[in-house]
Amino acid sequence: MIEIRDLHMSYPVESASIDVLAGVDMTIADGETVAIIGPSGSGKTTLLVLLAGLERPDAGCIEFDGVDITELDGDALADIRRDRVGIVFQSFHLVPSLTALGNVALPIEIAGGDQARERALRLLARAGLADRANHYPSQLSGGEQQRVAIARALVHSPDIVLADEPTGNLDLRTGANIIDILFRLNAESGSTLIMVTHDNEIARRCQRAFRLNDGRLIEDEDHAISA
Amino acid sequence: MRFLLDFAWQDLRASGRSLWVFCACVFLGVALVAATGGLYRLINQGLLADTRQLLGGDVEVDADEPLPETVMDWMRERGDVSVVMELDTMLGTDAGDFLRVELQAMDAAYPLYGKLVLQPEMTLGEATGFADGHWGIALDPVLTENLGLTVGDEVYVGSLAMRVRALVLQQPDRALNAEWRGAPVLLSDAALRETGLVQAGSVVDYDYRVRTSLPTNDWRRQFYAAFPGEAWEVRSFESRGRRIAERLDQLASGLLIIGFSTLFIGGLGVFNSIQAYLQSKLKTIATLRALGLRRRRLAAIYLLEVGIMSGASSLAGALIGGGLALAGAATVAAELPMVTAFGSLPVPVLIAAAFGLLTAYAFAFPAIGRALTVDPATLFRGTAAESAHRPARWWLASLACGTIIIALVLLVLPDTLFGAGFVLTVGLLLLLLDLVVRGIRGGAKRLDDHPALTRRFDLRLALANLHRPGTPLRATLLSLGSALTLLVACAMVVTSLVRTINETVPEESPALVLYDIIGDQLDSVAAALQQLPGVVRLDTTPLVRSRIVAVNGQATSELGHLNRAQRRDASQDNYDLSYSANNIDDVTLFAGEWWDDPVEDVARLAIEDREAEQLGLQLGDLVTFGIAGHRLETRIEAIFSQRGVQTRFWFEGIVSDGALDGLVHRHVGAAYMDDAVAIDAQRRIGQIAPNVITVRTATLLATARDILGKAVAGLAVVAGVSLLASVLVLISVMAAGRSRQIYDATVLHSLGTRMAAIRRSLLLEYALLALITTTFAVLLGSAIALPLLSMRLKLPTDDLLLVGLTTAAVVSGVSLHLGARYLLRRLQVWPAILLRGAN
């Protein structure tokens, strides 16, 4: 379970500071799919960054199964990401020097896990990219790169998958395809999916949807499908 | 660890050729250090492996006359004795050629150490004995090559016709400077006496070599105690080894410093190329961190990459450098009596490789440290960028590497003082450079708002590029600036040497220089020359060999202001004295005045500046010379300076006329005539006075040109390698700044700036860099070359600033222009594509 309490975050802009998150509270059960929606600059990505433990909030806490990750040091946070979190970026961020297979196997190899390549290949096959396993990112289309990124985020069966506008850099048709794959693979792994999106249609496919406005998070009952 | 290594390897493989500058810089520096260090070690070990062989015995007693029988008996009681008589003279051929040689007459006990190898194989006695109506000689192969002689030919030494019976393939005690001082000619003692060359006034050296089981210091002490007050010099194989080692150390230190300088310049290339490489890896670094890779393990990946690249480059450089050292040692071994000790090569080669690794890490640590500051959160926001924070730990690591490098430099350089000077110079250079860079940046910033530049957008842009953060100014100045400094200094020295040889010497020099004219030969030599057509003038002057026995009444061996080695040199060195009449060697006074009045109680002395400096002598000091058992009191009235390479006689002292009367046995002379006549004159003198050594200026010039050619080639290689390293750095600077420049240009273009204006600003930026680099190099290069030329080499320095300026301007202009053109070509890409690429 993920529990966020009274989360505050601001960024300095010249002499003043802008409050991006102003007391965010949220509880997410294991295996839930959650959409975060809101206008540009509303703090969606900031929330995701904090959930990934990549930045520290000004105040408040984020608990993963009762462990407050805001209290952890850099190495412990890295370990949390390595073992429990998968991230899907809008711009894919694959490692250009590794093949698709190498990229997907990366989280397991970082963790020193067994059968990294075999597990990665299986997941790539599930993403429809078995025949592209030995291609480098530069040899893949945008959609294919994002499928590799999704496989990389799920290969180590994380508890939580954070997805930041996963279709933001893709055309509509490819985007829809990617979302299908993301939901399908996530459902198979049973991970909690937290996704930032602009797209109401995509948000509707999540069990719950939250809207970020003026630094506050409000659950949007209309957008979410019933659990 | 396996994963980290795999990842590092894959990452490197995917990087293609982007890191070739990194590898080339490390390779070049390591190869030079390995080559120079390896060559030094090989020669040092090879030459000094057995200095007993080089000296010819454990100890050697040098005398200028045969030692009395009592002394010989004393020596024979304490070991085996072998005597070698040495005498410089001319060797003539049937073709009428004459060449200066060193006659060596040795007894049957020679050599006490090592082996003399003759071709065809025979004993020394067989080679130099009397047979078929002729005495035999064994010749150094240099002579057979220069004079076109073969075994069986007839040659003339003094008044004797002799037969070449053998070539000397290996002579254990062959002098290291035999090539230019006079190649050895081996003959028997009896034959030498028959040549008629040994007579009053002849300069014959008697070297008594002794093989003894006594410690050499004890032997020497006992010898001096048994024969006090004698002018015989005792040298041990250790002191001979020490002297050779000192000379080698100085030479090797100079060469190694060139290697270290190249490695240092190359280090800047390492820094720039690794920085550019890591810039391209920022997203990967951020991604890996976002995927949960700890910072320490991430650092390990890039440290491994640096290790793999610098290790491979260092290994390749060390192997190539080691190969060059072996090739160099083989060349030297053909000229010098040394055995190449291959076992001594691995250490300097491994040290060179260690230098490569350390330099790479020293320059790579800060770049890696900065790259690792990239915030993975930026991946969610589009672009990955380093933080402005400079991680202290990485700088400390870099500093630690730098400290180890400095310690190693001081340890490795044979001359520690030289090494300390090098480290200090580099430190001062960096400090000076920093001040210059700050000054230029400040000036450029101030000009930014200058009203005169309001309408000169391109110039303002160029000036802005000089003072913006991350400007390539420092790296360009340090790399191209230091290489150009070396190039300017080399160009000035070479130009001055070439001018001196090509212009000054032929006009001012006599066609023939004569040495060792014995007193009663003066008239006959003069008459022989006067009979030849075209002989314009003959100047002669006495030459008296002396030693300094006291300064201001204090014995030379007790002079308190000199150290032990200086006192030893001062009391054992020979000083050639002459008269001031004619000023035959055209020396220049720079302190005191020539005298007009005749000798009073104390003779007047003009002393050579370097001798005065070494002994700490000043005007008014009293110097007592010892000449063949007589003492000559002199007072320093003037200090003169030799004319460098134009000097023919190398007098150490010139005394007032008449002071040497009664002590003069030899004269030197200079004859002015056409060179064609000089050949005849040389033959004529060879016939009537075979002991007189004659050297044609044309021959001297040919030798000087040969030496000069080698010096020019050597300097060109030094400057070329340094320039290559700096061009590599320049490439790395451009590679590091290229993406920024293309991005800036694209943005400017998309905002409406014409491409022509962008190109102009880029050209202006590089023109400003060229101007600054040229000024820097000319000032520093002149500061090195001009004092060296005027004070040390005594060569003219007129118009050399123009030479330096032209060299620096052309090279920096061409290098930077090529760089600018390369960037301009890249800027011709369609901006829309660049914009997409930039994002």
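## Glu305(B) and its helix

Glu305(B) lies in helix 12 of chain B, which covers residues 295–335. The model described here is predicted.

Is Glu305(B) buried or exposed? Glu305(B) counts as buried because it has 24 C-beta neighbours inside 10 Å, and the cut-off for a buried residue is 20 or more.

Glu305(B) and Phe7(B) are separated by 298 residues in sequence, while their C-alpha atoms are 9.3 Å apart in space.

## Where chain B meets chain A

In the contact between the two chains, 18 residues of chain B meet 25 residues of chain A. On the chain B side, the elements that supply two or more residues are helix 1 (2–14) and helix 11 (282–290).

Sorted by class, this side of chain B holds nine nonpolar, four polar and five charged residues.

## Chain B as a whole

Chain B has 839 residues, and 43% of them count as buried; Glu305(B) is also classed as buried. The chain contains 25 helices and 22 strands.

Among the contacts in chain B with a separation of 6 or more, 83% are between residues 24 or more positions apart.

Conventions:
Residues are numbered from 1 along each chain as its sequence is written. Chains are lettered from A and ligands numbered from 1 in the order in which they are written. This is a predicted model: local features need pLDDT of at least 70, side-chain atom pairs count only at pLDDT 80 or more; totals for chains, interfaces and linings use all residues. Helices (H or I, at least four residues) and strands (E, at least two) are DSSP runs, numbered from the N terminus. A residue is buried if 20 or more other C-beta atoms lie within 10 Å of its own, exposed if 12 or fewer, and partly exposed in between; C-beta atoms are placed from the backbone. Two residues are in contact if their C-beta atoms, placed from the backbone, lie within 7 Å. Ala, Val, Leu, Ile, Met, Phe, Trp, Tyr, Cys and Pro count as nonpolar, Asp, Glu, Lys and Arg as charged, and the others, Gly among them, as polar.
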